[in-house]
Amino acid sequence: MKDIQEQIIAKMKKENLSDALIFDFLQKVTQVQNGETGKVNWSEVGDLIPDTDEKELSKIHSEYSGSLNNLKKLVVIKLNGGLGTSMGLSYAKSLIEVKEGFSFLSIIAKQIKYIREKFGVEVPLILMDSYNTQKDSSIELKKIGFTQNFPISFLQNKVPRILKDSLLPVSLQNSKEEWCPPGHGDIYLSLKETGLLKKLLESGYEYAFISNGDNLGATVDPYILEYFIDQNLDFAMEMTPKTLADTKGGAIYRKLKDGKFLHLELLETAQVPEENEDEFSGLGKFRTFSTNNLWINLRSLDVLLQEKSISLSLIVNPKVIEGQEVLQLESAMGSAIGNFSNTKGIVIPRDRFAPVKKCEDYLIRRSDAYILNEDYSLAMSPVRKELGLSENIVILDDTYYKKMKDFEKLFRVYPSLIFSKSLKVEGEVEFDTFVVLKGDVKIINKTNRKRKISEFQSDEFSDESITFSSV
């Protein structure tokens, strides 16, 4: 282990990474060497108690006034370090167009501008960027004229990928691939080490609303903020009810030891033992899942960071890079919930959760099933809600639609999904004309060539209950 530690320290020191980050990473490596897989002990996973561990947003809205006085104490932080590699992108995912000609980042900026203009409060927007996204994101914000007197961005750290067998730092032809983000759990250490946490507190900002940059439903809610302050909470996590479209996503649980309740914890998909995966992904024991929308008391965070380092659950993420089996050691920011004494889950409607992790999500958000509200939040169409339709289930053939460049060639015209329950596309199908898809639609191209949607006849669909109408 000494040789492993020495090589890791030397590699990280060469990149001028901090002693605190190095120490944290070495702890994770030691955990892996000791056989830690990141899997939880299922006997310690207890059920949540409604109204004790969770609070419904509807109840918060009925019990509180949504006082705007608290907004002057709030900062909004967006995670903006992802390249969207799962969608085949090599640049910041937040820069792609998502609605009405606007990118994710430009819509986020409009959300903040709306708050400032409507309520007369200069709520700061801060991006947690990676080395891969900071420059391009800065250019985008300047292009749309977004400015503020507070730093707009801070950098998250990077850590080395390690070989699965030896745990030594990997050496690759592409040296950039030797490094990876340490997961968004790095946000707390990065806030401290960049001096941003101290600067925020000195400037009178006591609370932070943190969310993913690809979730345009995550906007500032003054009611939640008022509830958070009134209850003197340290940490709150927004949860939303599961649907059939949700098989993954972390969930809060009651951490038990010898049957006694300790505190709330976050359980990520990668931490679930294989024999319990069906139970975790089902709609029974875990009725809600984390949206990664977090509310944090910055003073509580500062005290915690001064007293000790935050303990975050280890996530071991195996990868194959240049033919070598490597491990990425990560942590999720939501797992910090176990470090605080006064915490809550807030059960929210689906409108506050509209992420884009893959091309299927992108299609749903680009379609008429979702709209931009006056405050620039992305929400499900009112028509769809009135019909009682939940989140659409879309499955596209990975061979042809997984990467954005291929997806865009085949979706030349976006279909109407406002009345759609589910859509499955098998084979290479080019959407070359506007069509309205209703109910459960399955489109199958059994030929060895690309077919245009305008060539299909209604009797070619596999499900007779679907309605297909060209407009």
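# Briefing: helix packing, backbone and selected contacts

P241 lies in strand β12 (residues 235-241). Helices and strands here are DSSP runs, numbered from the N terminus: H or I of at least four residues for helices, E of at least two for strands. The model is predicted: local features need pLDDT of at least 70, side-chain atom pairs count only at pLDDT 80 or more, and totals for chains, interfaces and linings use all residues. Residues are numbered from 1 along each chain as its sequence is written, and side-chain values use heavy atoms, with hydrogens and water left out.

- P241 is partly exposed, at 39% relative accessible area. Buried means under 20% relative accessible area, exposed means over 50%, and partly exposed is in between (1.4 Å probe, protein chains only).
- Beyond residues up to four places away in sequence, P241 touches D246, R287, T288, F289, V347, I348 and R350. Contact means heavy atoms within 4.5 Å.
- P241 and S290 are 49 residues apart in sequence, and their C-alpha atoms are 9.2 Å apart in space.
- L200 sits in helix α7 (residues 196-202). L200 is buried, with a relative accessible area of 0%.
- Not counting residues up to four places away in sequence, L200 touches V75, I126, F150, Y205 and L298.
- L200 and S130 are 70 residues apart along the chain, with 20 Å between their C-alpha atoms.
- I364 belongs to helix α11 (residues 359-366). I364 is buried as well, at 3% relative accessible area.
- The contacts of I364, leaving aside neighbours within four places in sequence, are A369, Y370, E391, N392, V394 and L417.
- I364 and E428 are 64 residues apart along the chain, and 19 Å separates their C-alpha atoms.

**Helix α1 with helix α2**

- Two packed helices are described by the angle between their axes and the distance between the axes.
- Helix α1 (residues 2-14) packs with helix α2 (residues 19-33) at an angle of about 150 degrees, and their axes are 10 Å apart. Axes are lines fitted to C-alpha atoms, for helices over the stretch in contact, and angles run from 0 to 180 degrees between N-to-C directions.
- The crossing of α1 past α2 is right-handed. A crossing is right-handed if the near helix is turned clockwise from the far one by less than a right angle, and left-handed if anticlockwise.
- From α1, the contact uses I4, Q5, I8, I9, M12 and K13; from α2, it uses D19, L21, I22, F25, L26, V29, T30 and Q33.
- The residues of this contact divide into 9 nonpolar, 3 polar and 2 charged. Ala, Val, Leu, Ile, Met, Phe, Trp, Tyr, Cys and Pro count as nonpolar, Asp, Glu, Lys and Arg as charged, and the others, Gly among them, as polar.

**Helix α4 with helix α5**

- Helix α4 (residues 104-119) and helix α5 (residues 134-143) pack at about 55 degrees, with axes 10 Å apart.
- That angle makes α4 oblique to α5. Angles under 35 degrees count as roughly parallel, over 145 as roughly antiparallel, 65 to 115 as roughly perpendicular, and the rest as oblique.
- α4 passes α5 in a right-handed crossing.
- L105, S106 and A109 of α4 meet S137, E140 and L141 of α5. These residues divide into 3 nonpolar, 2 polar and 1 charged.

**Positive phi values**

- Most residues other than glycine have a negative phi.
- L167 has a positive phi, near 70 degrees. L167 is in the loop between β9 (162-163) and β10 (179-180), and is buried at 8% relative accessibility.
- E322 also has a positive phi, near 50 degrees. The loop between β16 (315-321) and β17 (324-330) holds E322, which is partly exposed at 41% relative accessible area.

**Cysteines**

- A disulfide is a covalent bond between the sulfur atoms of two cysteines.
- A search of the whole structure finds 0 disulfides. The cut-off for a disulfide is a pair of cysteine sulfur atoms within 2.5 Å.
- C180 is buried, with 2% relative accessible area. C359 is buried, at 2% relative accessibility.
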